[in-house]
Amino acid sequence: SPGIADGDFAGTAILIVAHTGDGALGLVVNRPLGDAPHGLLPSKRGLRTRVFFGGPVELDREFVLHTSDYATEGTVRVGADFAVSSDPGILEDIAKGKGPRRSLLAVGYAGWDSGQVEEELMRHDWIVVDADETLVFANDIEGLWGHALARQGESL
C-alpha cells in the first residue's frame, strides 16, 4: 500500500505464488535488476531475459514466473494463469523458443510466516488485486504499481 514508504517493499507489486497454513511466498514483479544474457546455447547468445528482484529472502535462489502454457517436472501452477519453475532447464527451453509465452526471472522471494500476511492485510499494509497477464508481465514496469492501485480505486 502507499503507506509502506521505505524498505524492500515500498512501491512493490507482489504475486503470491504459494499460501498455506505454514505461510506465504510471493515474487516481486516490478523491480527489474536489468537484463541478463541467456548464454545457454551458442545459437542464442543474443537472447536476453529480464531479471527481477523477487524479494529479500534467499537471494541465491532463482524462480521463473511464467504463463501456464508451459510445464515440466517441478513446475508449480499458480491459479489458472501462472506457474513457477525453478528448474534451470526452463531457460534453455525459452532460448530454444520452446518455453512459456511470457516469463520473468526472479532472484530471491518475499516470504511470510504462518499468519503474518493475514495480519499485515488486516493492518491494510497490502492492497489485494486480481492478477492477470497484462499486470504481471507489464511492459510499463514503472507504472505497474500505480495500475494495480487504480484497479482497487486507490491512488498514489
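**Entry 1, Glu58.** I began with Glu58, which is partly exposed at a relative accessible area of 36%. That figure falls between the cut-offs of under 20% for buried and over 50% for exposed, so the intermediate label applies. I noted that this is a predicted model. I then placed Glu58 in strand S5. Its phi is near 50 degrees, a positive value in a residue other than glycine. I wrote a reminder beside it: most residues other than glycine have a negative phi.

I looked up another positive phi. His124 has one of about 65 degrees, although it is not a glycine. I found His124 in the loop between H2 and H3. Is His124 buried or exposed? His124 counts as exposed because its relative accessibility is 61%, and the cut-off for exposed is over 50%.

Asp125 is buried, with a relative accessible area of 17%. The label follows because buried means under 20%. Which side chain makes a polar contact with that of Asp125? I found Arg123, at 2.5 Å. Leaving out residues up to four places away in sequence, I listed Ser1, Ile4 and Glu120 as touching Asp125.

**Entry 4, the whole chain.** I stepped back to count elements. The protein chain has four helices and eight strands. I read their order from the N terminus as β-β-β-β-β-β-β-α-β-α-α-α. I checked burial next: buried residues make up 39% of the 156 residues. I also checked contact range. Of the contacts with a separation of 6 or more, 60% are between residues 24 or more positions apart.

I turned to S8, residues 103-113. This strand is mostly covered, with eight of its eleven residues buried. Which strands did I find paired with S8? Strand S5, residues 57-67, runs antiparallel to S8 and is joined to it by six bridges. As an example, I traced Phe63 to its bridge partner in S8, Ala106. Strand S2, residues 23-28, also pairs with S8 in the antiparallel sense, over four bridges. There I traced Ala24 to its bridge partner Trp112.

I stayed in strand S2 for Gly26. Why does Gly26 count as buried? Its relative accessibility is 0%, and the cut-off for buried is under 20%. I looked up the spacing to Ala110. The two C-alpha atoms are separated by 5.0 Å, although the residues lie 84 apart along the chain. Setting aside residues up to four places away in sequence, I found Gly26 touching Ile14, Leu15, Ile16, Val17, Gly54, Tyr109, Ala110 and Trp112.

**Entry 7, the largest pocket.** Which residues lie nearest its centre? I noted Ile14, Leu15, Ile16, Ile127 and Val129, out of 29 lining residues. Ile14, Leu15 and Ile16 were already in my notes as contacts of Gly26. I then sorted it by element. Strand S1 (14-20) and the helices H2 (116-122), H3 (133-136) and H4 (144-151) each supply at least two lining residues.

How values were computed: Residues are numbered from 1 along each chain as its sequence is written. This is a predicted model: local features need pLDDT of at least 70, side-chain atom pairs count only at pLDDT 80 or more; totals for chains, interfaces and linings use all residues. Side-chain values use heavy atoms; hydrogens and water are left out. Buried means under 20% relative accessible area, exposed over 50%, partly exposed in between (1.4 Å probe, protein chains only). Two strands pair if DSSP finds at least two bridges between them. On a 1 Å grid over the protein atoms alone, a cavity is a set of points where a 1.4 Å probe fits but cannot get out, and a pocket is an open set with protein on both sides within 12 Å along at least five of seven lines; lining residues have an atom within 4 Å of a point. Contact means heavy atoms within 4.5 Å. A polar contact is a pair of N or O atoms within 3.5 Å; within protein, one must be able to donate a hydrogen and the other to accept it, and residues adjacent in sequence count only if both atoms are side-chain atoms.
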